[in-house]
Amino acid sequence: IYHSYPYSIAVEPTNHCQLQCPECPVGNKNSTRPKGNIDFEHFKSLIDTTKNTIFNLSLYFQGEPFLNKNIFEYIEYASQKKIFVNTSTNAQCIDELTAEKIVLSGLHYIIVSMDGYSQESYSAYRQGGQFEKVINALQYIYTAKKKFKSIFPIVEVQCLLLSTTENHRKKIISLAKKH
């Protein structure tokens, strides 16, 4: 008999989102789950129960993680337990102060959904969002990492391959590399 324990878990900090992305059940209003945030005590219990076997925590699913006002507590708590913490964001909530909190929280990896090369291409999927906020967020994170002399979080820029982006890969890559 083999015993196996989880080495990676995913926790959704919130299932709220400010965008209306057509394929997302939260954005297109097809989700039937009650709206809410994970309670910090429940989160701590989950981490404490699994901390000896997990080495990776994904703090995202269908909601925008940074809409949960306690997200930095969650990141810090898991990071202090020597767990690699990653998240994914639409970047609409990231300003200079939030970027500094991201760097100081101990977050290891962040996926930023750029999903375009202009407002028009971006809003084809990320409905209700502002492309300029994504570009600014990337710059804010870069500046905060430099300010605090940190290599973390590692930033991955994501762009969905859509009819509005598929012929503009070089332009998208160039934009992402600038920040």
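Predicted model: local features only at pLDDT ≥ 70, side-chain atom pairs only at ≥ 80, totals over all residues.
Buried means under 20% relative accessible area, with exposed over 50% and partly exposed in between (1.4 Å probe, protein chains only). Residues are numbered from 1 along each chain as its sequence is written, and side-chain values use heavy atoms, leaving out hydrogens and water.

**Glutamate 12**
- You'll find glutamate 12 in the loop between S1 and H1; helices (H or I, at least four residues) and strands (E, at least two) are DSSP runs, numbered from the N terminus.
- Not counting residues up to four places away in sequence, glutamate 12 touches Arg33, Ile38, Phe61, Gln62 and Gly63, where contact means heavy atoms within 4.5 Å.
- Tyrosine 60 sits 48 residues from glutamate 12 in sequence, yet the two are 4.7 Å apart in space, C-alpha to C-alpha.

**The sheet**
- Five strands make an open sheet with parallel pairing, in the order S1-S2-S3-S4-S5; two strands pair if DSSP finds at least two bridges between them.
- At the edges are strand S1 (8-10) and strand S5 (154-158), each pairing on one side only.
- From one strand to the next, the twist averages 15 degrees.
- Strand S2 (residues 56-58) and strand S3 (residues 84-89) run parallel and are joined by three bridges.
- Among those partners in S3, phenylalanine 84 goes with asparagine 56, and asparagine 86 goes with serine 58.
- S3 is largely enclosed by the rest of the structure, because five of its six residues are buried.

**Helices H1 and H2**
- The axes of helix H1 (residues 40-50) and helix H2 (residues 71-80) come within 11 Å and cross at roughly 20 degrees; axes are lines fitted to C-alpha atoms, for helices over the stretch in contact, and angles run from 0 to 180 degrees between N-to-C directions.
- On the H1 side the contact is made by Phe40, Phe43, Lys44, Ile47 and Asp48, and on the H2 side by Glu73, Tyr74, Tyr77 and Ala78.
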